Amino acid sequence: MSEQELKALRVRIDALDTKVMELISERARCAQEVARVKMASLAEGEVPVFYRPEREAQVLKRVMERNQGPLGNEEMARLFREIMSSCLALEQPLKVAYLGPEGTFTQAAAMKHFGHAVISKPMAAIDEVFREVAAGAVNFGVVPVENSTEGAVNHTLDSFLEHDMVICGEVELRIHHHLLVGENTKTDSISRIYSHAQSLAQCRKWLDAHYPNVERVAVSSNAEAAKRVKGEWNSAAIAGDMAAGLYGLTRLAEKIEDRPDNSTRFLMIGSQEVPPTGDDKTSIIVSMSNKPGALHELLVPFHDNGIDLTRIETRPSRSGKWTYVFFIDFVGHHRDPLIKGVLEKISQEAVALKVLGSYPKAVL
Ligand SMILES: C=C(O[C@@H]1C=C(C(=O)O)C=C[C@H]1O)C(=O)O
């Protein structure tokens, strides 16, 4: 390729960038107009709702459907995710609390869902994320809820029993773990490996094979593990890319999770009900009386109406010994007539039924 050709291509790219920029600016002005219309149509005392998860899910889906390449659908949607995030920030910057510290997978999930134009606030524990949202100090919270290798995140499920929260979105993240060391670590004398208990469990086989006699120390998060390693010469951490970058650690081994499809699902919690998009999920908590056939009774209405259950989890109810609550996720929105009917049927049999929220299925 000649210098001449390259030069011509760069001139074309510059001209296209100018056009792209003009279009993005025009889009941003439209979003500002939307904000003005929303404000103008408020009833007295009504609080404006700028963030519309159902609309954002539709925008992203449309982008993926119309994309013609060469960029992949997810890549294109990611770009639009960021454009929307910046447009929304012009209307109102969202405040989002997540399970911190900085560098956790939960932070990565928050950015994947809301984009980078948010004010994010790391919290020390899952329960604190719930409390921050309940106190109204942030618009939304992000917490992990289940991992494909290790199962439920019980702290999150239990927090739903204690707080009145609305689930307004979900996001899934592929979780890759690395064995990380600092610049002073003597790699042949590692005697301790720090990580979150979930991550240690997700890498159990790899650790058994490579570091069978090294002490495994569970700490509050992977990012905390990475932070500790920085100052120690005989320890390593298991954590992901964000934590590695944040604390300047080196990868001694990459992608050490036992299952290559290791993924975690996160929930966005807030106080805003999300209208249907046509491709939604609903989460409920149900407690049944402790009698034979209770679980069967609970499941029959779902089966009879052909509703797809995506998950069922049991936890102690905390209100009596050996009594349980069921966390159930299924496809559909609680305002759909079919789902409404099922929920009515269940509430006739149940001791208690709480709809935690209906929200668009993860797009990205
Ligand atoms: C522009 C709007 O407000 C926000 C910004 C959006 C966007 O940039 O596309 C979409 C939904 C809202 O979160 C809207 O409600 O349409």
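**A guided look at the chain**

Tutor: The chain has 12 helices and 15 strands, where helices (H or I, at least four residues) and strands (E, at least two) are DSSP runs numbered from the N terminus. This is a predicted model, so local features need pLDDT of at least 70 and side-chain atom pairs count only at pLDDT 80 or more, while totals for chains, interfaces and linings use all residues. Residues are numbered from 1 along each chain as its sequence is written, and side-chain values use heavy atoms, with hydrogens and water left out.

Student: What percentage of the residues in the chain is buried?

Tutor: First, the cut-offs: buried means under 20% relative accessible area, exposed over 50%, and partly exposed in between (1.4 Å probe, protein chains only). The C-alpha atoms fill a box of roughly 75 × 65 × 40 Å along the principal axes. Of the 364 residues in the chain, the buried share is 46%.

Student: Which helix gives the most residues to the shell around the ligand?

Tutor: The residues around the ligand include Arg27, Tyr51, Glu56 and Leu88. Helix 1 (3-40), helix 2 (53-66) and helix 3 (73-91) each supply at least two residues of that shell. The one that gives the most, with four residues, is helix 3.

Student: How many residues of that shell are charged?

Tutor: Here Ala, Val, Leu, Ile, Met, Phe, Trp, Tyr, Cys and Pro count as nonpolar, Asp, Glu, Lys and Arg as charged, and the others, Gly among them, as polar. The shell holds six nonpolar residues and no polar ones. The number of charged residues is six.

Student: How much of the ligand's accessible area does the protein cover?

Tutor: Let's look at polar contacts on the way, meaning pairs of N or O atoms within 3.5 Å (within protein, one must be able to donate a hydrogen and the other to accept it, and residues adjacent in sequence count only if both atoms are side-chain atoms). Oxygen atoms of the ligand lie 3.0 Å from a backbone N or O atom of Arg52, 2.7 Å from a polar side-chain atom of Glu56 and 2.8 Å from a side-chain N or O atom of Glu91. On its own the ligand has 370 Å² of accessible area (Shrake-Rupley method, 1.4 Å probe; for residues, only the protein chains shown count as cover), and the protein covers 90%.

Student: Why is strand 9 said to be largely enclosed?

Tutor: In a regular strand the side chains alternate between the two faces of the sheet. In strand 9, Ser235, Ala237 and Ala239 are buried on one side, and Ala236 and Ile238 are buried on the other. Strand 9 (residues 235-239) is largely enclosed by the rest of the structure because its buried residues number five of the five.

Student: Which strand runs parallel to strand 9?

Tutor: Two strands pair if DSSP finds at least two bridges between them. Strand 6 (residues 178-181) joins strand 9 through three bridges and runs antiparallel, with Leu180 opposite Ala237. Three bridges also link strand 9 to a parallel partner, where Arg192 stands opposite Ser235. That parallel partner, residues 192-195, is strand 7.

Student: Which residue follows helix 4 with a positive phi?

Tutor: Helix 4 is largely enclosed by the rest of the structure, because nine of its 10 residues are buried. Among them are Phe105, Met111 and His113. The residue after helix 4, with phi near 80 degrees, is Gly115.

Student: Where does Pro101 lie?

Tutor: A cis peptide bond joins Gly100 and Pro101, with omega about 0 degrees. The bond from Gly69 to Pro70 is cis too, with omega near 5 degrees, and Pro70 lies in the loop between helix 2 and helix 3. As for Pro101, its place is the loop between strand 1 (95-99) and helix 4 (105-114).

Student: How many disulfides are there?

Tutor: A disulfide is a covalent bond between the sulfur atoms of two cysteines. The rule used here asks for a pair of cysteine sulfur atoms within 2.5 Å. By this rule, the count is zero.

Student: And how far from Cys30 is the nearest cysteine sulfur?

Tutor: Cys30 is in no disulfide. Cys30 counts as partly exposed, because its relative accessibility is 48%. The nearest cysteine sulfur belongs to Cys87, at a distance of 8.9 Å.

Notes:
A residue is near a molecule or strand if one of its heavy atoms lies within 4 Å of it.
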